[in-house]
Amino acid sequence: MRVWEPVGPGLWGRRIGLGGVVAVVVGLLMILPSAANATPALTAPYTGYVYATQGANLGGCGGNATWPGTPFFNLTNGHAHISAGAKAPACAKTTASVDTYAEAEFQSSAFTLTAGHHTVKEKWWASYSIDLVATPGPGGQTAVASSQLYATAYIYDATNHTDIYATHEVYLDNSTSSGSLVKSFSGVKLTSYVNGTFASGHSYEIIVYLVVYADVNVSAGKSTASAQINCGTSGKFATLISITAT
């Protein structure tokens, strides 16, 4: 087991962007890291920075994007709350699409690792629900409603300003092209990890984030679709269990 060693404040603002015609930053909380002893694992309460955002892409004749609750990550208990919804109306002469997302992100305080190859794992537990409805119109018209829960991370080398991206990411997808799909999930485990070769004395930060997507797409005519994914309200949420290095 390698040892994490806090070495000082991190540098904010490095993350993989999520594009969107409509994008709203809904919360940014920066907390200076406190002095801490070296530990082989990071668990709640976490020390670092949190970031949350939500946004949507709307295409064709339009539609609606919704967010049942404000996305956020709680440093004290590691809870992430993210939810998103999308709805596409019937469009007489053109297609319609709505792609909606909500993201909660944690950026650790800086740490060091011994020289050599390491695997840094990020473990989540999630409870969430989906409500997908696709109603294709007559004569070969199409409608698709889908949702996704996505967990990933990357490590930033603050010494030489490079990124080490995730080797394994988690995508939990559901979709329907006709009818409804309503499900609730509890105790779902998500583990992503970053493999890399690290240098002694370098300062590193890990950026961990969880994203939900709600997407709908309908062809021209009388098709409609809606999608909701809730991992943030009514008792649904995700927990960052730990970040460990081996």
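Buried, as used in these legends, means under 20% relative accessible area.

View 1. The protein has a mean pLDDT of 86, and 84% of its residues reach 70 or more. Residues 1–40 have a pLDDT below 50, although this stretch has 109 contacts in the model beyond near neighbours in sequence. Where pLDDT is low, the predicted coordinates should not be read in detail.

**View 2. Here are the nonpolar cores, with Phe73 and Trp124 in the largest one**. This core has 54 residues, and these two touch the most other members. Several strands supply at least two residues each, among them strand 7 (79–88), strand 10 (116–135) and strand 14 (179–198). Strand 15 gives the largest share, 8 residues. A second, separate core has 9 residues, including Tyr150, Ala158, Ile207 and Tyr213. Back among the aromatic rings, Phe73 and Trp124 also belong to a cluster linked by ring pairs, together with Tyr46 and Phe106.

View 3. The serine 83 side chain makes a polar contact of 2.8 Å with the side chain of asparagine 230. Cysteine 231 is itself buried, with a relative accessible area of 0%. Leaving out residues up to four places away in sequence, serine 83 touches Trp67, Pro68, Ala102 and Val212, among others.

**View 4. This close-up shows the disulfide between cysteine 61 and cysteine 91**. The count for the model comes to 1 disulfide, and the sulfur atoms of this pair are 1.5 Å apart. Cysteine 61 sits in the loop between strand 4 (48–60) and strand 5 (64–66), while cysteine 91 sits in the loop between strand 7 and strand 8. The two cysteines are 30 residues apart, and their pairing links distant parts of the chain. Cysteine 61 is partly exposed, with a relative accessible area of 40%, whereas cysteine 91 counts as buried at 3%.

**View 5. Now look at asparagine 195 in strand 14**. With a relative accessible area of 25%, asparagine 195 is partly exposed. Its side chain makes a polar contact with the side chain of threonine 119, at 2.5 Å. Setting aside neighbours within four places in sequence, the contacts of asparagine 195 are His117, His118, Thr119, Ile164 and Thr167. Asparagine 195 and histidine 117 are 78 residues apart along the chain, yet their C-alpha atoms are separated by 7.3 Å.

**View 6. Two aromatic pairs are shown here, out of a count of 11**. The rings of phenylalanine 111 and tyrosine 204 have centres 6.2 Å apart and planes at 35°, so this pair is tilted. Phenylalanine 111 belongs to strand 9 (residues 110–112) and tyrosine 204 to strand 15, 93 residues apart. Phenylalanine 111 is buried at 2% relative accessibility, and tyrosine 204 is buried at 1%. Tyrosine 150 and tyrosine 171 form a stacked pair, 4.7 Å centre to centre with 20° between the planes. Tyrosine 150 lies in strand 11 and tyrosine 171 in strand 13 (residues 170–176), so the pair ties together parts that are 21 residues apart in sequence. Tyrosine 150 is buried, with a relative accessible area of 9%, but tyrosine 171 is partly exposed at 44%.

Note on methods: Residues are numbered from 1 along each chain as its sequence is written. This is a predicted model: local features need pLDDT of at least 70, side-chain atom pairs count only at pLDDT 80 or more; totals for chains, interfaces and linings use all residues. Side-chain values use heavy atoms; hydrogens and water are left out. pLDDT is the predictor's confidence in each residue, from 0 to 100. Contact means heavy atoms within 4.5 Å. A nonpolar core is a set of buried Ala, Val, Leu, Ile, Met, Phe, Trp, Tyr and Cys residues joined through side-chain atoms within 4.5 Å. Buried means under 20% relative accessible area, exposed over 50%, partly exposed in between (1.4 Å probe, protein chains only). Helices (H or I, at least four residues) and strands (E, at least two) are DSSP runs, numbered from the N terminus. A polar contact is a pair of N or O atoms within 3.5 Å; within protein, one must be able to donate a hydrogen and the other to accept it, and residues adjacent in sequence count only if both atoms are side-chain atoms. A disulfide is a pair of cysteine sulfur atoms within 2.5 Å. Rings of Phe, Tyr and Trp (its six-membered ring) pair if their centres lie within 6.5 Å; planes under 30 degrees apart count as stacked, over 60 as edge-to-face and the rest as tilted.
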